[in-house]
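The exercises below concern salt bridges in a predicted model. Work through each task before reading its solution.

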Amino acid sequence: MMMRQVTGSWLGLMFRILKIILILLFFYQSNLFSAIDCDGTDDYFELATSSGLPTGAPVSVGLWIYPDSVTGQHKIIAHGERSGTAKGWSFGTSGDELLFTTHGVKDYLTTSLTIVTGEWQFIGAYLDTAHDVAFYHYRPSTNTLATASVLHGVGMTNPSTGPVTICANDDTVAGNKATFFNGKVEEIFMINAALTQANFEAIFRSRMRYLPAQIGAANLSMYYMLNEHADGTNLDGLTIKDYSNSGNNVTGNDGATNGTLTAKAGEVLSYP
């Protein structure tokens, strides 16, 4: 009887300790850098020379955004240059619509979506081998998915080893960045494969990290989990790691308005 009581007491203590550890881990992870906050003026991340990225379709890209403004055009993720030779592509918003651009070739602009400010939402785009684009917009606040298609593209200029840019678009001819994004971004992925609507839905409806890596597997070409730095950290000169096999880490640039490019605690995604 004495042995059972002692064993039971130890088991109870172990469970309480494990519970405390799990709670501490939760609060630790929730305060990890899980989003970036860009000011829409001169904040961006960039790797000037990329490697291992696809040079053409198919391209499937997705990310979570929290826009502070939808006025004008805001590019959020780009591979290549708006001008110059390695043109490639970029993805973002134009007004309250989504815009996927194959630089120098075509602007794929939706006409039936409604990107809103002040809340988290998922946006995705799939450029297929016929150079048509399917768009996805999901709002957790209303649990609604809107889709759109823009057809009849005519190819894409090879982005080669051109830059990877986040929160802006690269313009080498002008020697600066353009169309800065104003708001927060959380978890960015690009997969060099044809993702179906079911694939996209599995990613955004779960609201769990790591799913892009599982679904994309060997075709995962870009994956920024944004979990390297603590909430509130100024990210000027700091690195965001690319967790895909491409390894295209990008570096923060706070521009002239120092203090605005910061890490934010995760708000929309959970750890499995």
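**Exercise 1.** Find the closest N and O atoms of Arg139 and Glu119, and decide what kind of contact the two residues form.

Solution. The closest N and O atoms of Arg139 and Glu119 are 2.8 Å apart. The cut-off for a salt bridge is 4 Å, so Arg139 and Glu119 form a salt bridge. Finally, Glu119 has a relative accessible area of 16% and is buried.

**Exercise 2.** Determine whether Lys177 and Asp170 are buried or exposed, and which network of salt bridges they belong to.

Solution. Lys177 and Asp170 meet through their side chains in a salt bridge, at 3.2 Å from N to O. The relative accessible area is 16% for Lys177 and 4% for Asp170. Buried means under 20%, so Lys177 is buried and Asp170 is buried. The network links Glu46, Asp170 and Lys177.

**Exercise 3.** State which parts of the chain the pair Lys184 and Glu267 ties together.

Solution. The side chains of Lys184 and Glu267 form a salt bridge, with 3.3 Å from N to O. Lys184 is in strand 14 (residues 182-191) and Glu267 in the segment after strand 18 (262-265), so the parts tied together are 83 residues apart in sequence. Lys184 is buried at 12% relative accessible area, whereas Glu267 is partly exposed at 46%.

**Exercise 4.** How many salt bridges does a search of the whole structure find?

Solution. The search finds seven salt bridges.

Technical notes:
Residues are numbered from 1 along each chain as its sequence is written. This is a predicted model: local features need pLDDT of at least 70, side-chain atom pairs count only at pLDDT 80 or more; totals for chains, interfaces and linings use all residues. Side-chain values use heavy atoms; hydrogens and water are left out. Buried means under 20% relative accessible area, exposed over 50%, partly exposed in between (1.4 Å probe, protein chains only). Helices (H or I, at least four residues) and strands (E, at least two) are DSSP runs, numbered from the N terminus.
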